[in-house]
Amino acid sequence: DACLLFMCVRFKEDLVAGYADVAKQIIDLAVFGAAQNRSYRRLADFTDTIGNRVSGSNNLEMAIKYMYNAMVQDGLDVHLEPAKIPHWVRGKESAEMTAPRAKTLAILGLGSSVGTPPEGIEAEVLVVQSFEELKHRASEAAGKIVVFNQPYVSYGETVAYRGYGASEAAKVGAVATLIRSVTPFSINSPHTGWQDYQDGVKRIPTACITVEDAELMWRMAQRGQKIVVRLTMGAKTLPDADSFNTVAEIKGWQHPEQVVLLSGHLDSWDVGQGAMDDGGGAMISWEALSLIKDLGLRPRRTLRTVLWTAEEQGGVGAQQYFNLHKVNMSNFDLVMESDLGTFTPIGLQFTGSDAAQKVMEEVVKLLAPINTTKLEAHGEGTDISPWMQAGVPGASLHVADSRYFWFHHSEGDTMSVQDPRDMDLCSALWAVVAYVVADLQEMLPR
């Protein structure tokens, strides 16, 4: 049996190794050939034309139309699939420290936040560094604006303050919260993002402030100074809006019903250009199909690019897509998502069975020409997680993302953070993996 398994594995290795030439063709076209800089140019044109694209906005509608037309012109099979998405509007907002001295505070209201009364809220501030400290000082919080000055540990850990800070503060009687932006680096730049009100807890206005202002107020509080802030927010939530997931395909020649899915999300926050989050991921997922089409390649299975809507609100468009298509779960071979930037690629993150992992280890060896042969554990992504939880193999792009959270959800997320060569390399990796998996004799073992 062991001998048979060994022969089977060797056979698979040889099969995958047979794609070395075609992988090199894809890489050459993307990195050195006619498609060089193309994904970057596409992204620049798209983000410069449309700008940021928050869920429910006219800009997001324009973005979907733009991408639909662009991919049709590219000769791909394109269609739109309807989705209902949240429609939160920031409105006018401002914050000012009035004591112990006058100072304007740079703020960004958080997604789904309620607004203040028209005249704003002026109240004394309670500065805490953790949920724990808030519990200890609960008796001091009533009627105050709670400022969270939590240290940045990692995005995954620290984002809880953005997500739940308002409800935790409301439970102890606070009238509003200001949360230190979830970022390791700041040049007085606030970062926005989605926040979740807990059911049955009073909804209070919540916004992010800069790292600098959170630390300033912390120092003042340590000295025993009384801090007063006036906060005005015009935020409101409108009825859910109509939107679409944008889908482009190259149909498989042998098993068109079987699918390798590539994806990024088309929506962004309402600041910056949404170039990095997630314009880059959307563009390389389109570019991968373009590269394969340009080379006249057609895999056995269908290659499907999906540009999700309303990811920032918690993967809303993707969840609706999953609900619609899960009946065909057994036909989904691999789901891929790029949503942590398109900086210098390092490798591929993968979630799947041990047998699937063995196949994927061989697939990434084909990326030797661009030195990204690392297969790492744990594919991730808000939009593909329903598929992975249901047992479908999933992959995500791992890039040198140390600066990602510098710009994330801020005015700093513009084309200036993107690099054309990095995007070419990401496109090449994305296209090689997608094409080879879609063309193998068999689907990845579950």
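This is a predicted model: local features need pLDDT of at least 70, side-chain atom pairs count only at pLDDT 80 or more; totals for chains, interfaces and linings use all residues.
The chain is divided into domain 1, which takes in residues 13-88 together with 239-439, and domain 2, which covers residues 91-234. Taken over C-alpha atoms, the centres of domain 1 and domain 2 are separated by 35 Å. Where the two domains meet, 12 residues of domain 1 are in contact with 18 residues of domain 2, and the area buried between them comes to about 1,200 Å², with carbon and sulfur atoms giving 69% of that area. Trp88, Phe405 and Trp406 together supply 49% of the area that domain 1 buries against domain 2, which is more than any other three residues supply.

On the side of domain 1 that touches domain 2, strand 1 and helix 12 (404-407) each supply at least two residues, and helix 12 gives the most, with 3 residues. Sorted by class, this side of domain 1 has 7 nonpolar, 4 polar and 1 charged residues.

Strand 1, which spans residues 77-89, is also the place of His87. The relative accessible area of His87 is 19%, and His87 therefore counts as buried, since the cut-off for that class is under 20%. A polar atom of the His87 side chain lies 3.2 Å from the backbone oxygen of Gly56. When neighbours within four places in sequence are left aside, the residues in contact with His87 are Ser55, Gly56 and Ser57, along with Lys236, Thr237, Leu238, Pro239 and Ala241.

A second residue to look at is Ile292, which is placed in helix 8, a helix made up of residues 275-294. Ile292 counts as buried because its relative accessibility is 0%. Again leaving aside neighbours within four places in sequence, Ile292 is in contact with Ile250, Leu297, Leu303, Ala431 and Tyr435.

Notes. Residues are numbered from 1 along each chain as its sequence is written. Side-chain values use heavy atoms; hydrogens and water are left out. Helices (H or I, at least four residues) and strands (E, at least two) are DSSP runs, numbered from the N terminus. Buried means under 20% relative accessible area, exposed over 50%, partly exposed in between (1.4 Å probe, protein chains only). A polar contact is a pair of N or O atoms within 3.5 Å; within protein, one must be able to donate a hydrogen and the other to accept it, and residues adjacent in sequence count only if both atoms are side-chain atoms. Contact means heavy atoms within 4.5 Å. Domain bounds come from an automatic or database domain assignment. Buried area is the accessible area (1.4 Å probe) that two parts lose on being put together, summed over both. Ala, Val, Leu, Ile, Met, Phe, Trp, Tyr, Cys and Pro count as nonpolar, Asp, Glu, Lys and Arg as charged, and the others, Gly among them, as polar.
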